[in-house]
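Here are some notes to read alongside the structure, written for someone meeting it for the first time. Take them in order, and keep the viewer open as you go.

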Number of protein chains: 2
Amino acid sequence: MVRTDFRHPDGRRAYLYGSFLEAPQGYRPAPRAAGLYERRWNPLRREWVLVAAARQNRTFMPDQVDCPLCPSAPSHSSEIPAARFDLAVFENRFPAMRPSLAGAEGGEGVAEVVVYTDQHDVSFSSLPLDRLHRLVDVWSDRYSELGSRRDVQYVFIFENSGEEVGVTLHHPHGQIYGYPFIPPVAELELHASRLHRRQGKGCLQCELVADECEAKARMLFVRGGIAAYVPAYARYPFEVHVAPIDHRGALPDLMLGERPSFAEALQAVVRGYDGLFGRTMPYMMAMHQRPTDGRPHPEAHIHVEFYPLLRDAGKLKFLAAGECGAGTFVNDSLPEDRAQTLRRAMSRVEP
Amino acid sequence: MVRTDFRHPDGRRAYLYGSFLEAPQGYRPAPRAAGLYERRWNPLRREWVLVAAARQNRTFMPDQVDCPLCPSAPSHSSEIPAARFDLAVFENRFPAMRPSLAGAEGGEGVAEVVVYTDQHDVSFSSLPLDRLHRLVDVWSDRYSELGSRRDVQYVFIFENSGEEVGVTLHHPHGQIYGYPFIPPVAELELHASRLHRRQGKGCLQCELVADECEAKARMLFVRGGIAAYVPAYARYPFEVHVAPIDHRGALPDLMLGERPSFAEALQAVVRGYDGLFGRTMPYMMAMHQRPTDGRPHPEAHIHVEFYPLLRDAGKLKFLAAGECGAGTFVNDSLPEDRAQTLRRAMSRVEP
């Protein structure tokens, strides 16, 4: 797939993947928002907090005609330097981390937006197969490119979907944070996997997938080397994990035959979600991969965690004091039951 | 303050603190909901997840006439075995943890509801001083009693407030979880404090409060040995921590003179929140204290963490994939600015 690189006048990078039509004459994207950036250490939780005051004024629910992720038109310079495109990636105007203002150096991490399509009114669940497969290639390319930056120690690919998750733009898109450190949840899981290896037991995620394949009760999808399942220890009623069955640390390690199945598994889960309650499921999707801090990390095994917000028709799973202040989730359903319900919803929508 | 103990027919305990009027004849509280309880280990995050299927059917936004936290009437047996009361505590009909079905043994932790008043239409912020002070005594009593149970290793006192936090009952109340383990966030903070002590630096929370008192920029309230401040490393724009200035591990360790100030600091914060945007602020309140696992824990220092959900008028701080999937918070404001704004709001409402 062809990639064409752009540089906005404010120094921000943009990439068009696949074919595109040139932007109309006079194209001028809005400049990066000015604001203070600080990385602050929380000594109580021993974690970084990112202060990004520029984000206060980020674009909030624009009309479609002003959508910054739509193609540009003579009357509208969007974030995309094209009048038509396949997939696009650009550096956020309102990044969560201090951007490099000139050249590659000086920044402290990066915040990119991944636009899945130039169609405003579709979603991840309705992307055609070909587009879906190419999205995995785009993610893989971003992982490699951002991971090679000196200021990026962890590439975090994610999607927030639905107003209940705080999404402020409806055009189908995901995001990528290149953190200048390994974030706490990733570190927690890597630590668990290192402990497991030290006990002579091999990769923890390999074992978890194998266990779920054998147990079957919570399995949703097994195809082309990829498995999707409701973990036995789900925090959210319909939480789903997606992982390659064999040991793969990151996207570039996926075999060619695994890539399409990886994309299809993700879409099958989201389609199942949407089939559960007759409405679009609000969810978070978080991809955990090998850190890019220069160390080998044989303990890392790529997997995607879906946190869907509905626990029942019309009822949200809220994160409240128990979850946020103590860190312990209460799941008011049995993961085996929820897997069965979700499996049924997935089979109704699969072609 | 007098405490009167009750036992519901299903074995659940209830306590009335202060004076009360007897329940009407024929009082019959609803029985504990039946359902499956399991404690499941998440090997990836190395944490417990509580499966409590009985909670699926918990009471959801009842009309006031059916409010389970209001006094009982001839036509309505609520959770409270009284026709009038001051403060009440009872074991949740829909607990998060496996209850003991008979006697004190056999349970795996406990979930209590703390009812602040028999008035349905007030809130924590409008409680009169006398009631507020007695609430601290009730919390302290619950900490001691639950902490002495063999199956409770950590007493977590908290309040969720507002529909945006998932509150399903409007009557002013808080909750207490007696966990059969030390929950992850508490453990994280205790671990940080232990590391600090091992470096010969004394109590971490003592140092943090002293630093904030000296810096002043983020300080909101200092009175009677209690300080409230926006921490430099706030995750939520208006996050506030409240702690005794001197080293106190848990509520029973507070000096008599510190107790009223502790209560007043909490209320001053909530009143300030409500004054920010001309509407009631949805928030979580989490109290971190010394574990009750039988070990001394000199590193523990009681403090309350407030996580308010509004970041601006009409705009919520959402927990999305960055927070939940990576564990890194982005704060789109400068804590010093937010402290100043909140200080102004607090001074407008203070008597």
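**Notes on the two chains**

1. A word on conventions. This is a predicted model, in which local features need pLDDT of at least 70 and side-chain atom pairs count only at pLDDT 80 or more, while totals for chains, interfaces and linings use all residues. Residues are numbered from 1 along each chain as its sequence is written, and chains are lettered from A and ligands numbered from 1 in the order in which they are written.

2. Now the place where the chains meet. Contact here means that the C-beta atoms of two residues, placed from the backbone, lie within 7 Å. By that rule, 60 residues of chain B are in contact with 60 residues of chain A. On the chain B side there are 40 nonpolar, 10 polar and 10 charged residues, where Ala, Val, Leu, Ile, Met, Phe, Trp, Tyr, Cys and Pro count as nonpolar, Asp, Glu, Lys and Arg as charged, and the others, Gly among them, as polar. The copies meet through the same surface, because 100% of the interface residues of chain B are also interface residues in chain A.

3. Two strands pair if DSSP finds at least two bridges between them, and S16(A) pairs in the parallel sense with S4(B), residues 47–52, over two bridges. Asn331(A) stands opposite Val51(B). Elsewhere, S4(A) and S16(B) also run parallel and are joined by two bridges, with Val330(B) as the bridge partner of Leu50(A).

4. Within chain A, the domain assignment gives domain 1 (3–184) and domain 2 (199–349); such bounds come from an automatic or database assignment. Between these two domains, 25 residues of domain 1 are in contact with 25 residues of domain 2. H1(A) gives the most to the domain 1 side, with nine residues. That side divides into 14 nonpolar, nine polar and two charged residues.

5. Finally, one loop residue deserves a look. Where is Gly107(A) placed? Gly107(A) lies in the loop between strands S5 (82–91) and S6 (110–115) of chain A. Gly107(A) is buried, with 23 other C-beta atoms within 10 Å; a residue is buried at 20 or more such atoms, exposed at 12 or fewer, and partly exposed in between, with C-beta atoms placed from the backbone. Leaving out residues up to four places away in sequence, Gly107(A) touches Arg98(A), Pro99(A), Ser100(A) and Asp151(A).

Note on methods
Helix = DSSP H or I, 4+ residues; strand = E, 2+ residues; numbered from the N terminus.
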